[in-house]
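Subject: The structure I promised you

Hi,

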Amino acid sequence: TDFLSNRSHLTADAKFTQLQYGHWNLDDVTAQACLKDGRGAVTISGANKLFDGNINIDALLDTKRIEATINTDLAKADLYRLRLVDKPLTIGVCGDIKITSDMKQTHKLSGLLTDLFIQDSKKTYHPDKVGILLSTTPDTTYARAQSGDFIVKFDASGGYERVLKQITVLSDSVIAQYEQNIIDQPAIKRLLPTLKM
């Protein structure tokens with residue numbers, strides 16, 4: 001099945017009153033999916049100790065381009081019990097995220113997250129609304145995040161694959177130098193990617 005073909009079609013409904021897989025206990029989960037004429041929609045709803053809320057995805061699908069909107073209304077997601085993180089961490093969030101991609105090297109993600117709460121083993125945090133923007137093309141990668149008066153801007157020369165490769169080479173070099181008890185600053189400078197933060 002080619003989910004990106006506009007000739008593919010699917011209608012699916014699922015309801016789990018009891019679902020356990022390893023450490024996961026996902027009781028009371030429902031899911032609906034529909035794919036027709038190059039448009040896909042998925043809704044997942046849960047009301048249990050690990051996941052309480054709704055996630056909706058609506059997408060225009062094509063072999064050369066994807067445009068999707070993700071809408072979340074999560075009262076709670078226990079990332080630790082879902083085995084997604086190694087330490088206790090529970091989050092709650094409402095938000096809308098838009099994603100576009102040419103399925104090659106040009107991708108964009110933008111969104112606004114509201115009603116946030118983050119709870120670790122010691123404290124619960126309630127940050128302001130968070131706006132995010134990530135974009136990458138073959139020659140430029142940039143990211144923006146803002147919450148209240150906290151603003152982060154990141155600009156790099158090159159696509160995300162090139163930037164990640166440069167950062168990997170840089171970190172490998174620094175680790176190798178550290179293990180040999182030397183620091184060669186000129187060599188490290190030559191490996192730095194072109195970026196501003």
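Let's begin with a pair of side chains: those of Ser45 and Asn54 make a polar contact with each other, at 2.7 Å. Before you go further, keep in mind that this is a predicted model.

So where does Ser45 sit? You'll find Ser45 in strand β5, which covers residues 39-47. Is Ser45 buried or exposed? Its relative accessibility is 17%, and buried means under 20%, so Ser45 counts as buried. If you skip the neighbours within four places in sequence, Ser45 is in contact with Asp28, Val29, Thr30, Phe51, Gly53 and Asn54.

Ile57 belongs to strand β6, residues 51-61. With a relative accessibility of 34%, Ile57 counts as partly exposed, because that label is for values between 20% and 50%.

Strand β11 (residues 130-136) pairs with strand β12 (residues 140-147) in the antiparallel sense, over six bridges. A hairpin of three residues joins β11 to β12, and Leu134 stands opposite Ala143 in β12.

β12 also pairs with strand β13 (residues 150-157), again in the antiparallel sense, this time over eight bridges. Here Ala145 stands opposite Val152 in β13. The hairpin of β12 and β13 has two residues between the strands, and Gly148 in that hairpin takes a positive phi near 60 degrees.

What does Thr141 touch? Not counting residues up to four places away in sequence, the list is Ser135, Thr136, Phe154, Asp155, Ala156, Gly158, Gly159, Tyr160 and Val163. For Tyr160 there is a polar detail too: its backbone nitrogen lies 3.2 Å from a polar atom of the Thr141 side chain. Thr141 counts as buried because its relative accessibility is 11%, and the cut-off for buried is under 20%.

Cheers

How values were computed. Residues are numbered from 1 along each chain as its sequence is written. This is a predicted model: local features need pLDDT of at least 70, side-chain atom pairs count only at pLDDT 80 or more; totals for chains, interfaces and linings use all residues. Side-chain values use heavy atoms; hydrogens and water are left out. Helices (H or I, at least four residues) and strands (E, at least two) are DSSP runs, numbered from the N terminus. Buried means under 20% relative accessible area, exposed over 50%, partly exposed in between (1.4 Å probe, protein chains only). A polar contact is a pair of N or O atoms within 3.5 Å; within protein, one must be able to donate a hydrogen and the other to accept it, and residues adjacent in sequence count only if both atoms are side-chain atoms. Contact means heavy atoms within 4.5 Å. Two strands pair if DSSP finds at least two bridges between them.
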